[in-house]
Amino acid sequence: MNSIKKILVYIAVFAIAVGAGSVISTLCAQISALSWLAINPTFGFDPFNINLIVLDFTLGLNIHLTVAHIIMLIIAIFVSPKVVAALVKPKG
């Protein structure tokens, strides 16, 4: 049960980091000195269809990362073990 809690806390920390990166990049896009945080390379592949007569699948993947996302994820990598240790106490 403890390992499930740890995994959920790690997921929550990384989700908060991605959300904070989105907010930071949106706010900094309008400030000329900080607009480099909103640089947004996009990579992936366009959606394509697989028609199997009974089923019709559409698959595609696009990833939009900004510099702010990357910085926040790096911070989350270093902070998350401390957050997990503080929130998930071992039984005993």
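**Core, hairpin and patch**

Author: This is a predicted model. Its largest nonpolar core has seven residues in all: Val9, Val13, Ala17, Met72, Ala76, Val84 and Val88. Two elements give two or more residues to this core, namely H1 and helix H2 (67–87).

Reader: Is Ala17 buried or exposed, and at what relative accessibility?

Author: Ala17 is found in helix H1, which covers residues 2–28. A residue is buried when its relative accessible area is under 20%. Ala17 therefore counts as buried, its relative accessibility being 6%.

Reader: What is the relative accessible area of Ser80, and is Ser80 buried or exposed?

Author: Ser80 has its place in helix H2. Not counting residues up to four places away in sequence, Ser80 touches Tyr10, Val13 and Phe14. The cut-off for buried is under 20%. Ser80 is therefore buried, with a relative accessible area of 2%.

Reader: In what sense do E1 and E2 pair, and over how many bridges?

Author: One of the bridges joins Thr42 to His64, its partner in E2. The hairpin of E1 and E2 has four residues between the strands, and in this hairpin Ile53 takes a positive phi near 65 degrees. E1 and E2 pair in the antiparallel sense, and the number of bridges is eight.

Reader: Which elements give two or more residues to the nonpolar patch?

Author: The nonpolar surface patch is about 1200 Å², and its residues include Phe43, Phe45, Phe48, Leu59 and Ile63. Two or more residues each come from strand E1 (42–51) and strand E2 (56–64).

Reader: Why does Phe48 count as partly exposed?

Author: Phe48 lies in strand E1 and is one of the residues of the patch. Partly exposed is the range between the cut-offs, under 20% for buried and over 50% for exposed. Phe48 counts as partly exposed because its relative accessibility is 38%.

Note on methods: Residues numbered from 1 in each chain as written. Predicted model: local features only at pLDDT ≥ 70, side-chain atom pairs only at ≥ 80, totals over all residues. Heavy atoms only, no water. Patch = residues over 30% accessible without salt bridge, like charges linked within 9 Å, V, L, I, M, F, W, Y side chains within 5 Å. Areas by Shrake-Rupley, 256 points an atom, 1.4 Å probe, with all protein chains shown as cover. Salt bridge = Lys/Arg side-chain N within 4 Å of Asp/Glu carboxyl O. Buried < 20%, exposed > 50% of the residue type's maximum accessible area, 1.4 Å probe, protein only. Pairing = 2+ DSSP bridges. Core = buried A, V, L, I, M, F, W, Y, C linked by side-chain atoms within 4.5 Å. Contact = heavy atoms within 4.5 Å.
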